[in-house]
Amino acid sequence: MKGDPSVRGGPTARGRVATIIAAVVVLGLSLPPLVVLLVQGAAGAGAETVPVGRLLVLLGNTLLLAALVVTLSLPIGSATAWLTSRTTLAGRRVWATALTIPLVLPAYVVAVALSGMLGGDGLLTDLLRPWGLERLPPAAGLWAATLCLTIVAVPIVHTLATVALSRMDPALEETARLLGQSGPRLFFRVVLPQLRGTLALAACVVALYVISDFGAVSMLRYETFTRAIYAQFRGRVEVGPAFALCLILVLVSGALIAGQVLLRGRHRAGAAHTRPAAVSRLGPLGTAIVSTLLGVVVLFSTVLPVTTLAAWALRGLAAGARPGPVLEEAVNALGLALLAGAVTTLLAFPIALAARRRSRFTRVLEGVPWITHSLPHLAVGLAILVLSIAGPPGLYQSRTTLVLAYAALFLPLAIGPLSEALRSVDERLLDVSRSLGRSEMRTLVGVVLPLVRPAMLTGATLVFFATLHELPVTLLLRPTGSETLAVRLWGAMIEGQYTTASIAALLMVVISVPLLALHARSQVRVSVAS
């Protein structure tokens, strides 16, 4: 390993250039909102906000919810990734697409759909009533928030785990089989250790998502820390106290990010490989069991919520409701999401490339975007609004500012898969390319980019879906008259126009399913032997 610069942290020309560009991106994009937050938070630190005892209760509720969602989503998402990429299950691409559909639904829409499914008049209650079940409990409290956020989190884990499985060196598993390892022992002794970095990353992404969520927990009437923050923001001119409360979430996020970095710290580059791993063959009984389990997941995460939304939409249209210009807003949302996905992935690449060196400085560069990502979107939106007002006139409520704000928020979604993929690139491949006379740039374009292309697509896809349903930042920073589906959906829900809200949510699904299918197809093509 002496000659491996990536492992010992030795700089190369490519690494130095990547580090400089990464520093510029972080200093220009992720750090300014944090500086505004720290300054405003320090100014409001002495103000009276919420009693300490109450804050501790809310913080405990938030951490409990995050722990439950991570505990449930990691095994479910890992299992679905394995079943759709490492087995001979019929219809793998269809299953993979169906399992990721909840990515396109905002958590607050899933919460509303759960409310429409459960309770005395819910859709699921109506379906079960002929079997003697008269009433299901209403969707409210800890269990409902856990179910809602787990539905949203499972596709995130599934997507990241699928990419990691596709990049594993099959020689390790083949060697283990020759040594007599198979079944669960092979999984726990060979596969799971290789997934450790990805699972740590997935756990961090999910936990940060949970602690920054506000809409879903509010609709399901579960008290979390973000409710105290939003209560401080709402209707107040002085935002310093709210920013001061955000600093507590910064500390929690820092602890989560540090834990993730420690778990991934010993993850080394793997050997080069170009062939897919062997798949496990399922017999008729195994296929039936696996199909049933995946069917249950898809039923509760996709079929019932989407059916509930469709029923509301049809019922409203039949009653004469008018949804408004949702098609124009869908086109606008699609354009913004595509642009944000491309720009964010481009900005994430030098950061992920610099993080491959594993120095303290590059770890800081990699960690700062995570802190910005973990903050309530309203706080980040307000900070960027302050910056855009203080900057050149053309930045205020411009499309450029909005796309850069999306990039500042969702940069880690692109960095995570890219960073994992770049760490898996064997340095010996790059040495061979250099020995053949290729420059650093030609090695990067001709060798590195093709190897990490699936991870780049995964990151861009995650950013696309996060942007499509992002709300607080869009509300604050969008150009005047430039509405999106998320803005229309939220406004319609607040006003009780469930027909319009349902149509907007269904349009999100319609826009996203083709991209989901293409993404699932590319992952299956890479990871599954024909």
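Me: How many salt bridges does a search of the whole structure find?
Reply: The search finds four salt bridges. A salt bridge is a side-chain nitrogen of Lys or Arg within 4 Å of a carboxyl oxygen of Asp or Glu. The model is a predicted one, in which local features need pLDDT of at least 70 and side-chain atom pairs count only at pLDDT 80 or more, while totals for chains, interfaces and linings use all residues. Residues are numbered from 1 along each chain as its sequence is written, and side-chain values use heavy atoms, with hydrogens and water left out.

Me: What makes Glu329 and Arg488 a salt bridge?
Reply: Their side chains meet at 2.8 Å, N to O, and the cut-off is 4 Å, so the pair qualifies. The two partners come from distant parts of the chain, 159 residues apart: Glu329 sits in helix α14 (residues 326-355) and Arg488 in helix α21 (residues 485-494). Helices here are DSSP runs (H or I, at least four residues), numbered from the N terminus.

Me: Why is Glu329 called buried, and why is Arg488 called partly exposed?
Reply: Buried means under 20% relative accessible area, exposed over 50%, and partly exposed in between (1.4 Å probe, protein chains only). Glu329 has 4% relative accessibility and therefore counts as buried. Arg488 has 27%, so Arg488 counts as partly exposed.

Me: What about Glu483 and Arg478, which also form a salt bridge?
Reply: Their closest N and O atoms are 3.3 Å apart. Arg478, at 18% relative accessibility, counts as buried, whereas Glu483, at 25%, is partly exposed.

Me: Why is the pair of Trp312 and Tyr498 called tilted?
Reply: By the ring rule the count comes to two aromatic pairs. Trp312 and Tyr498 lie 5.4 Å centre to centre, with 45° between the planes. Rings of Phe, Tyr and Trp (its six-membered ring) pair if their centres lie within 6.5 Å; planes under 30 degrees apart count as stacked, over 60 as edge-to-face and the rest as tilted, so 45° gives a tilted pair.

Me: What makes the pair of Phe464 and Phe465 edge-to-face?
Reply: The angle between the planes is 80°, and the centres are 5.3 Å apart.

Terms used:
Helices (H or I, at least four residues) and strands (E, at least two) are DSSP runs, numbered from the N terminus.
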